[in-house]
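I opened this entry to keep track of what I looked up in the structure and in what order. My notes follow the chain from its overall layout to single residues.

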Amino acid sequence: MSRKNHKMIDGRLLQTNKKYSQLKMKQKEKIAEWMFQADSVK
């Protein structure tokens, strides 16, 4: 069974199907920032 969950982005191989709990603190902060911006657009 082949699952393709990695992509080449800016020359780096990134896993694209991580759970939120697996992310680093800085990544969670960035997502929270995006959510806040998206919320303020509505």
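**Layout of the chain**

I began with the elements and found that the protein chain has 1 helix and 2 strands, where helices (H or I, at least four residues) and strands (E, at least two) are DSSP runs numbered from the N terminus. Along the sequence these elements follow the pattern β-β-α. I noted that this is a predicted model, in which local features need pLDDT of at least 70 and side-chain atom pairs count only at pLDDT 80 or more, while totals for chains, interfaces and linings use all residues. Residues are numbered from 1 along each chain as its sequence is written, and side-chain values use heavy atoms, with hydrogens and water left out.

For the extent of the protein chain, I looked up the box filled by its C-alpha atoms, which is roughly 40 × 20 × 20 Å along the principal axes. Of its 42 residues, 5% count as buried, a class that means under 20% relative accessible area, with exposed over 50% and partly exposed in between (1.4 Å probe, protein chains only). The chain exposes about 4500 Å², and carbon and sulfur atoms supply 55% of that area; accessible areas come from the Shrake-Rupley method with a 1.4 Å probe, and for residues only the protein chains shown count as cover.

**The two strands**

I then turned to strand 1 (residues 6–9) and strand 2 (residues 12–15), which pair in the antiparallel sense over 4 bridges; two strands pair if DSSP finds at least two bridges between them. His6 stands opposite Gln15 in strand 2, and Lys7 has Leu14 as its bridge partner there. The hairpin has 2 residues between the strands, and Asp10 takes a positive phi near 50 degrees in it.

**The salt bridge**

How many salt bridges does the count give? I found 1 salt bridge, by the rule that a side-chain nitrogen of Lys or Arg lies within 4 Å of a carboxyl oxygen of Asp or Glu. It joins the side chains of Lys30 and Glu33 at 3.9 Å, N to O. Because Lys30 and Glu33 are 3 residues apart in helix 1 (residues 25–41), about one helical turn separates them. Lys30 is partly exposed at 40% relative accessibility, and Glu33 is partly exposed too, with a relative accessible area of 39%.

**The largest pocket**

Last, I looked up the residues that line the largest pocket, among them Leu14, Gln15, Lys30, Ile31 and Trp34. A pocket is an open set of points, on a 1 Å grid over the protein atoms alone, where a 1.4 Å probe fits, with protein on both sides within 12 Å along at least five of seven lines; lining residues have an atom within 4 Å of a point. Strand 2 and helix 1 are the elements that give two or more residues to this lining, and helix 1 gives the most, with 4 residues. Trp34 lies in helix 1 and counts as partly exposed at 48% relative accessibility.
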